[in-house]
Amino acid sequence: MKKILISVMIFVLFSCGSELETVSAITSEEAPEFFKLADSSALVLVKTLGGRLTEIIQSDGVIKAIDVCKEEAYDITDDLENEIGENISIKRVSNKYRNPKNAPDKYEIEAIDWFNNKLSESNELPNNYGQKILRKNKKILRYYKPMIVQTKCLLCHGDDHTRLPDVSKRITKHYPNDLAKNYKDGDFRGLIRVEML
Ligand code: HEC
């Protein structure tokens, strides 16, 4: 009897884990308000971060600008989240990440693969991708915007031809397992992910 009970409990545990979460792709037609909000938020993040990078590179140099990506990026993201609302979270994510904090989860991997497939099919990156995740009784919406490598990014994400030795040294010191290097101009760098709970 005890054995049967334990088996039943194990079965219930496993079925909870596997069946209570599903994911499906959604388009901007299916969630227009969310896509609009997410798209404008992602744009603000790209512009604010890009602007700060250019500003600090020009005024204080590349080494100082490392802190913009390392620290300010998170402050800018937090401010943006607070401005939009409590139920929104925004992050940068990449399969070739520098900070393990920005490593993709399984749905983000699916989104990165989706963009990579589109890129190899048509040589173009779509503007965005959406997912609807159903977790227990909760609906979670996700929006993804691709980021492209520009010339200025190569100062820190390029190879030995585009990165100064001091910059490479500083980055390797902070991120010994860095995957976010050897990029080329125009490469697909990663995604901005906006999630609404
Ligand atoms: C001054 C150096 C520097 C420049 C220039 C720079 N980055 Fe970064 N980038 C970093 C650092 C350092 C991190 C790690 C930040 C952290 O700890 O989260 C990072 C992280 C990122 C991440 C988060 C994912 C990851 O790898 O951890 C993305 C996406 C990214 N950079 C994209 C870009 C793009 C696109 C550009 C050009 C517009 C750019 N970066 C320019 C230094 C730089």
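A crossing of two helices is called right-handed if the near helix is turned clockwise from the far one by less than a right angle. In this predicted model, helix α2 passes helix α3 in such a right-handed crossing.

Two packed helices are described by the angle between their axes and the distance between the axes. For α2, residues 32-60, and α3, residues 62-84, the angle is about 150° and the axes are 9 Å apart. Angles over 145 degrees count as roughly antiparallel, so α2 is roughly antiparallel to α3. On the α2 side, the contact is made by L37, S41, V44, L45, T48, L49, R52, L53, I56, I57 and D60. The α3 side supplies V62, K64, A65, V68, E72, A73, I76, T77, L80 and I84. By class, the residues of this contact comprise 14 nonpolar, 3 polar and 4 charged.

In total, 26 residues surround the ligand, and the closest are A65, C69, N99, C153 and C156. A65 is also among the α3 residues in contact with α2. Two or more residues of the shell come from each of α2, α3, α5 (154-157) and β5 (188-196). The shell divides into 13 nonpolar, 7 polar and 6 charged residues.

A further residue to look at is E110, in helix α4, which covers residues 106-122. E110 has 15 C-beta neighbours inside 10 Å and therefore counts as partly exposed. Between E110 and Y129 there are 11 Å in space, C-alpha to C-alpha, and the two are 19 residues apart in sequence.

Technical notes. Residues are numbered from 1 along each chain as its sequence is written. This is a predicted model: local features need pLDDT of at least 70, side-chain atom pairs count only at pLDDT 80 or more; totals for chains, interfaces and linings use all residues. Axes are lines fitted to C-alpha atoms, for helices over the stretch in contact, and angles run from 0 to 180 degrees between N-to-C directions. Helices (H or I, at least four residues) and strands (E, at least two) are DSSP runs, numbered from the N terminus. Angles under 35 degrees count as roughly parallel, over 145 as roughly antiparallel, 65 to 115 as roughly perpendicular and the rest as oblique. Two residues are in contact if their C-beta atoms, placed from the backbone, lie within 7 Å. Ala, Val, Leu, Ile, Met, Phe, Trp, Tyr, Cys and Pro count as nonpolar, Asp, Glu, Lys and Arg as charged, and the others, Gly among them, as polar. A residue is near a molecule or strand if its C-beta atom, placed from the backbone, lies within 6 Å of it. A residue is buried if 20 or more other C-beta atoms lie within 10 Å of its own, exposed if 12 or fewer, and partly exposed in between; C-beta atoms are placed from the backbone.
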